[in-house]
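Dear colleague,

I am passing on the structure we spoke about, and you will find the sequence and the coordinates just below. After them I have set down what was found, so that you can follow each point with the model open.

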Amino acid sequence: MPNIRARLLVVLVVLFGSLTVAGTPSATAATLPDSLWFDGTSLTVSGGRFTDGQGREVVLRGYNVSGETKLDENHGLPFASVTDAKKSATALRALGGGNSVRFLLSWAYAEPVRGQVDTAYLAAATDQMRAFLDAGIRVYPDFHQDLYSRYLFDPDSWYTGDGAPKWAVELGDYPDESCGICFFWGQNITQNGAVKEASYDFWHNAYGLQDAFLATAQQTMTYVRQHLTAEEFAGVVGFDPYNEPYAGSYDSGQTSRTWERDVLWPFYVKFRARMDAAGWQDKPAFVEPNLFWNANIDFQKQEGGLLDAGTLGSRYVFNTHFYDQKAISGILMWGKAADGQYATDFGTVRDRASAVGTTAVVSEFGHPLSGTVSDKAPTVLKAMYQALDSRRPGSTWWTQAATSGPVLSGSQWQWDIYNGRHHELMNGNPDKVLTSGDAWNDEDLSAVRLDDSGAVTLRQDARLLDRVYPSATAGTTVAFTYEDRSRDGSTTLTWNPVPSSLPNVAQLVGSGQYGLLVWRSGSGSAPTELHLPASFPTSATTVVSDLGTVYAPPSYTSTTPVGVAPEPGGTGSRRLLLTDADSGVLHYALVTNGATAPSATVLAAARSELTAWAAKTIG
């Protein structure tokens, strides 16, 4: 998660040793509610993008589920029950607008005894994963770790970790843990001798730790594949081998870059082979560079980004995290984030993914929602989502849309329905029962909580979280922007107003939210999809496109150029579907909730303005 670019890579979480198969899924599975003919295919990586079986570019947006996995209270699972998992999945789709989750798993609970896998844990984790798949939400599991393991820390310690099981810690003669003078938990990564030595041992395969991890990882993936139906498994996008890798310490003469080349990358190659052996050969590994490669504090930053990995291609995804450590520090960034705050940082992610020939995902980003720097959260998160959408700030988007770049996939940290209602014995200490926030190292980043009635409730502005985004593009995305009009207290934040040179478009949008997608059509027949937030009820949505203009779009049919349909999963979430019948042609679509029964004259004038703008700006 966030604190001062902290987090240790470490033995992440791996899952277990020997595995028995308990039960098998049914041979066939019912089609998800509200599915259409083009839904339900597996994703692959092609041409530097996620693509579905119809050849459409896919953008993954969602959340990490969840930091609860780090805790003991639910035994390393994201949820106390499948019922809670289903409740969370429905809310994530309907309230949070997500179409995907990064699903956390724990090595410590999957393999509590070396070589003995807890199949009950794997079964429970798979059942909870299925709750999201059944809601139409794609999943990529993550072997999670921070600070190597909770078992490194004393019962009365100020800090804790997660990841490796107790037996893995007991193999090493590690010093008593101490962070020294630390203001953030993440400083343990580079200052705590026990964490550093344990991490180093994992990467150097001391005591056969890495071998054990790889073996149990293969068995875990085999279990998941065998216990999901083929349709369910199609919704599993890939696997994140290791959360936030860091060397612990470097050997003499070794640099962060050579560590990535000589230690980290060979590990990923081995993990990739294990994926193939487990039947995941058609799914990519979501590989993370050195944790500090993109730190935005100069003294923390280390050279990296898989610079010497060559072309990753379709078998790997460039996977990274981003937290604004300057903002989190409370002293290195005064004031709040502004338009374009992270355009350069996220532009670097796009450039690295392009350089290695694959797509990118920002699998963690976020900001504390309580404490001394929580007042920055509304602007920091708005700026991060803006940077995921486009590499251009709002101030220059309309004039430089041709350089908007690909829309990035991302998973916000985090979606923990138990936020503020935990009962966690920190490091097993009954005298340190944590209940507030995320119940882990003083973090509080969850976008949701349960209210007193047990309903899932957002803790952040719905305008910020439930967003218009191109979930599937039939062709190639050229440019995209979304003005969410999210709020910072009582102030509405508008960073990308429609320019005065487009007066009829500006009139349609008014004070409402809007999204604008520009794409070049492909050769397939499946439509382009935009997620419609709950703030865009069909009856109050206006679409202006070269494919057609409409207020209150009709239900989708294969002959309707502009239509609305539910998203798969039966959660009530909706999508705008745009159907073209050509190839290589530039198209655009503006969708807004700002107009009330606009006249045909205004719609036609807005369409003329956008057509001229697209021709001039993009060509």
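Strand S5, which covers residues 100-105, pairs with S6 in the parallel sense over 6 bridges, and within this stretch Leu-105 stands opposite Phe-143 of S6. Please keep in mind that this is a predicted model. The two strands belong to an open sheet of 7 strands, paired in parallel and arranged in the order S6-S5-S4-S10-S9-S8-S7. Strand S6 (138-143) and strand S7 (285-287) stand at the edges, and because each has a single partner strand, one side of each is left without a neighbour in the sheet. On average, neighbouring strands of this sheet are turned by 30° against each other, direction ignored.

As for the cysteines, the structure holds 1 disulfide, which joins Cys-179 to Cys-182 with an S to S distance of 1.7 Å. Both Cys-179 and Cys-182 are buried. The torsion about the S-S bond of Cys-179 and Cys-182 is about -80°, and the disulfide is therefore left-handed.

Technical notes. Residues are numbered from 1 along each chain as its sequence is written. This is a predicted model: local features need pLDDT of at least 70, side-chain atom pairs count only at pLDDT 80 or more; totals for chains, interfaces and linings use all residues. Side-chain values use heavy atoms; hydrogens and water are left out. Two strands pair if DSSP finds at least two bridges between them. Helices (H or I, at least four residues) and strands (E, at least two) are DSSP runs, numbered from the N terminus. Axes are lines fitted to C-alpha atoms, for helices over the stretch in contact, and angles run from 0 to 180 degrees between N-to-C directions. A disulfide is a pair of cysteine sulfur atoms within 2.5 Å. Buried means under 20% relative accessible area, exposed over 50%, partly exposed in between (1.4 Å probe, protein chains only).
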